[in-house]
Amino acid sequence: MLRPLTLLRTAAFAAALAMLPTAYAKNGAPPIRIGEINSYKAIPAFLDPYKKGWQLALEQVNAQGGVLGRPLQVIWRDDNGNPGDSVRAAQELITREKVDLLFGGFLSHTGLALADFAKQRKVFFLAAEPLTDKITWQDGNRYTYRLRPSTWMHIAALAPKALALRKQRWALVYPNYEYGQSAVATFKAMMTSFQPDIEFVAEQAVPLGKIDAGAVVQALADAKPDAIFNVLFAADLTRFVREGNTRGLFEDRAVVSVLTGEPEYLEPLGADSPTGWIVTGYPWYAIDTPEHKAFAEAYRKRYNESPKVGSVVGYASLMSIAAGIEQAGTTDTEKLVDAFAGLQVGTPFGPVTYRAIDHQSTMGVYVGVTALQDGQGIMKDFTYLDGSRLQPPDQYVRQLRPAP
C-alpha cells in the first residue's frame with residue numbers, strides 16, 4: 001500500500017509515481033505500454049541523461065492527457081551492452097509485459113540486434129541512438145526507424161572541414177566494433193574521393209572500453225601524421241586525450257573528431273579538454289532557438305542540471321513515438337509503421353522528418369571547434385547542419401537498402 005501523498009516529498013519518487021498508469025489515468029483508460037531497452041550500466045555518461053530526457057517527455061505528454069486519450073507508460077530494461085541480452089529483453093517485453101512497441105538502443109551492435117528482432121517479430125522499433133548506417137540501409141527493414149543522425153551523416157558533416165585542412169598524412173583511431181569500423185570506412189571513402197593523394201599512415205582499432213592509451217598514442221606519434229581522425233568516445237576518449245596531452249601528440253597537429261563536442265564526453269575532461277579540434281557535439285549553452293530554450297529550461301527545472309545530447313535524444317524519441325501514435329490513430333503496428341513514413345516531429349533541435357525512403361530522421365548535427373572556457377571544454381564557432389543536407393543521393397540509398 002502506498003504511503004500517504006503528504007509523505008511523497010522527493011522528485012525522484014514523484015517521477016517514479018508519474019510513470020505508473022494509475023497515477024495519471026484520470027479517465028480510467030488503459031495505458032499505451034512502450035518497451036525501452038538500453039545499455040544503462042555500460043554507458044552511463046550518455047544514458048543517464050537520455051533516460052531523464054524520455055522521462056521528461058513522458059511527464060509532459062501525460063500531463064496533456066496522453067495520446068488518443070490514453071496515458072503512456074514506459075517499461076525499460078538494461079541490455080548490459082550485449083546484443084543477446086537486448087533480444088532477450090525485447091522478447092520479455094513483448095511476451096510478458098505486452099508492450100505495443102519498442103524504442104532505445106545505444107551501441108550499434110545492440111541496435112542491429114533489436115532491428116532484426118523487430119523485423120522477425122513484426123514489431124515497431126524506434127532506434128534512438130545507434131549510429132550504424134546498416135540500421136537504415138543494408139539491414140534496414142519495414143519495422144525499424146532511427147532518430148539520431150547516422151554515421152554517414154556525422155562524417156558528411158565533418159568531411160568538408162577535414163578536406164579544407166589540406167593535410168596529406170592522416171592517422172585513424174577508433175573503437176573496434178561496427179560503429180567505429182563504419183565511421184572510418186566512410187571517412188576514408190569521402191576523403192579519397194575529393195583528395196586522391198591522401199595517405200592513411202596509421203590505424204589504431206581499440207577494444208571498446210579497454211584502450212591501452214599509452215601504446216595507442218605512441219603508435220600514432222611514431223607514424224608522424226599531419227592530422228588525426230578520432231572516433232573514440234566515453235572513457236576511451238578521456239584516457240586517449242589525457243595520454244595524448246602528456247606525450248604532446250596533439251601539438252601542431254590537426255584533429256577531426258566525431259562526438260567529442262558532446263558535453264557527456266567534454267565535461268569529464270575538464271581542464272584537460274582538447275582545444276582546436278574540429279568536432280561534432282552539442283553547445284547547449286549557446287543555442288538560442290525557441291524550441292531549445294523551452295526544452296533546456298524545462299530540463300534544468302526538472303533535474304537541476306544542464307541537458308546533454310542524451311537528454312535531447314531521449315526526449316525526442318518519446319515525443320516522436322507520441323506523435324507517431326497520434327498520426328496513426330492507433331497502436332496497431334502496421335498502421336504505426338506507415339504513419340512514421342514522412343512523419344514530422346518538433347524536437348529541441350527544431351523540426352525533423354522521418355524519411356520514407358530509409359526511415360532515417362533528418363535530425364541534424366552541430367559542428368564546431370573545441371576550446372577551453374573557465375577550465376571546461378566547450379564548442380565555439382559552431383554551425384547546425386540540418387540532417388536533410390547530410391544525405392546521399394536517393395539512388396545510392398536504394399542500392400544499399402533491401403527492397404521491401
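Colleague: What makes up the lining of the largest cavity, by class?

Modeller: In this predicted model, the lining has nine nonpolar, four polar and two charged residues. Gly281 and Gly364 are among the residues that lie nearest the cavity's centre, and both count as polar because Gly is placed in that class. Arg148, also among those nearest the centre, counts as charged because Arg belongs to that class.

Colleague: Why is this space called a cavity?

Modeller: It is called a cavity because a 1.4 Å probe fits there but cannot get out. About 110 Å³ of space lies in it, and the search of the whole structure finds two cavities of 30 Å³ or more.

Colleague: Which element gives the largest share of the lining of the largest cavity?

Modeller: Helix H12 (309–328) does, with three residues. Strand E10 (278–281) and strand E13 (365–373) also give two or more residues each.

Colleague: How do you know that Glu129 is the charged residue in the lining of the second largest cavity?

Modeller: That lining has one charged residue, and Glu129 is listed in it. Glu counts as charged, so Glu129 is that residue. The volume of this cavity is about 60 Å³.

Methods
Residues are numbered from 1 along each chain as its sequence is written. This is a predicted model: local features need pLDDT of at least 70, side-chain atom pairs count only at pLDDT 80 or more; totals for chains, interfaces and linings use all residues. Side-chain values use heavy atoms; hydrogens and water are left out. On a 1 Å grid over the protein atoms alone, a cavity is a set of points where a 1.4 Å probe fits but cannot get out, and a pocket is an open set with protein on both sides within 12 Å along at least five of seven lines; lining residues have an atom within 4 Å of a point. Grid points are joined across faces, edges and corners, and a volume is the space filled by probe spheres set on the points. Helices (H or I, at least four residues) and strands (E, at least two) are DSSP runs, numbered from the N terminus.
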